[in-house]
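I opened the model today to look up a few helix pairs and a few side chains. My notes follow in the order I made them.

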Amino acid sequence: MEMSIQEHNLRKSQSYKLLLWFAMISMVMMFAGLTSAYVVSSSRADWLKDFKMPTAFFISTLVIILSSVTFYLAKKAIKVNAHKITSLWLLATLFLSVTFVVLQFVGFGQIIADGYFFTGSESTITTSFLYIVTILHMAHLFGGLIALLVIIYNHFKQKYNASQPLGIELGEMFWHFLGILWILLFLFFYFY
């Protein structure tokens, strides 16, 4: 018995979403290991007790939340075949994501301006951990940015519509994951 196109698309969608879940779970495990190492290392004598998060990291957290909202709005718009509105929200997401990356580097600059370094003889274990975790998050974010650019390209090629939103759905799912991951990491570093 032959499978209908709808059944095929549903199975394909479920397979891709399951693969994405596996990838996200493995990323969570990696960051859980790093934050565990951070907790263990905080008992060291050379651990910074008075370290303050840079202002740019606060702003970037708001920016990544906004980018999740715009990606969600893009998904909602494509589900009603509002292609122009989808384009607007996807481009807004791209702008906000680039803004997030810029703010991360501004935050690194603020940390250095406060006299804390990430590597070398003047570095501390505290700032080195912050640097490693933030850079790893940004590496995953760059993967998300590449996916977003592919989604935007495919959207302009008219590959998505109300009955075929899979690429946008997967991108939105990963983007929300990156946003939630950053918020949790930010709160962890802020309060711990």
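I count two residues as in contact when heavy atoms lie within 4.5 Å. With that cut-off I started on Asn154, leaving aside its neighbours within four places in sequence. Asn154 is then in contact with Lys159 and Tyr160. I placed Asn154 in helix H4, residues 125-156. Is Asn154 buried or exposed? Its relative accessibility is 15%, and the limit for buried is under 20%. Asn154 therefore counts as buried.

Confidence next. This is a predicted model. I noted a mean pLDDT of 91 for the protein. I also noted that 98% of the residues reach 70 or more. Which elements mark the ends of the range? Helix H1, residues 5-41, has the lowest mean pLDDT of the elements, at 87. Helix H2, residues 55-78, has the highest, at 97.

I then took up Phe31, which sits in helix H1. Its relative accessibility is 2%, so I logged Phe31 as buried. What does Phe31 touch, not counting residues up to four places away in sequence? I listed Val133, Leu136, His137, His140, Leu181 and Leu185. Phe31 and Val133 are 102 residues apart along the chain. Their C-alpha atoms are separated by 7.4 Å.

Next entry: H2 against helix H3, residues 83-113. I read a packing angle of about 165 degrees, with the axes 8 Å apart. Angles over 145 degrees count as roughly antiparallel, so H2 is roughly antiparallel to H3. The crossing of H2 past H3 is left-handed. I sorted the residues of this contact by class. I have 21 nonpolar, 11 polar and no charged residues for H2 with H3.

Last entry: H3 against helix H5, residues 166-191. Here I read an angle of about 30 degrees, with the axes 13 Å apart. The cut-off for roughly parallel is under 35 degrees, so H3 and H5 are roughly parallel to each other. H3 passes H5 in a left-handed crossing. Which residues make the contact? From H3 I wrote down Thr86, Leu90, Thr93, Ser97, Phe100 and Gln104. From H5 I wrote down Ile168, Trp175 and Trp182. By class, the contact of H3 with H5 has 5 nonpolar, 4 polar and no charged residues.

Technical notes:
Residues are numbered from 1 along each chain as its sequence is written. This is a predicted model: local features need pLDDT of at least 70, side-chain atom pairs count only at pLDDT 80 or more; totals for chains, interfaces and linings use all residues. Side-chain values use heavy atoms; hydrogens and water are left out. pLDDT is the predictor's confidence in each residue, from 0 to 100. Helices (H or I, at least four residues) and strands (E, at least two) are DSSP runs, numbered from the N terminus. Axes are lines fitted to C-alpha atoms, for helices over the stretch in contact, and angles run from 0 to 180 degrees between N-to-C directions. Angles under 35 degrees count as roughly parallel, over 145 as roughly antiparallel, 65 to 115 as roughly perpendicular and the rest as oblique. A crossing is left-handed if the near helix is turned anticlockwise from the far one by less than a right angle, and right-handed if clockwise. Ala, Val, Leu, Ile, Met, Phe, Trp, Tyr, Cys and Pro count as nonpolar, Asp, Glu, Lys and Arg as charged, and the others, Gly among them, as polar. Buried means under 20% relative accessible area, exposed over 50%, partly exposed in between (1.4 Å probe, protein chains only).
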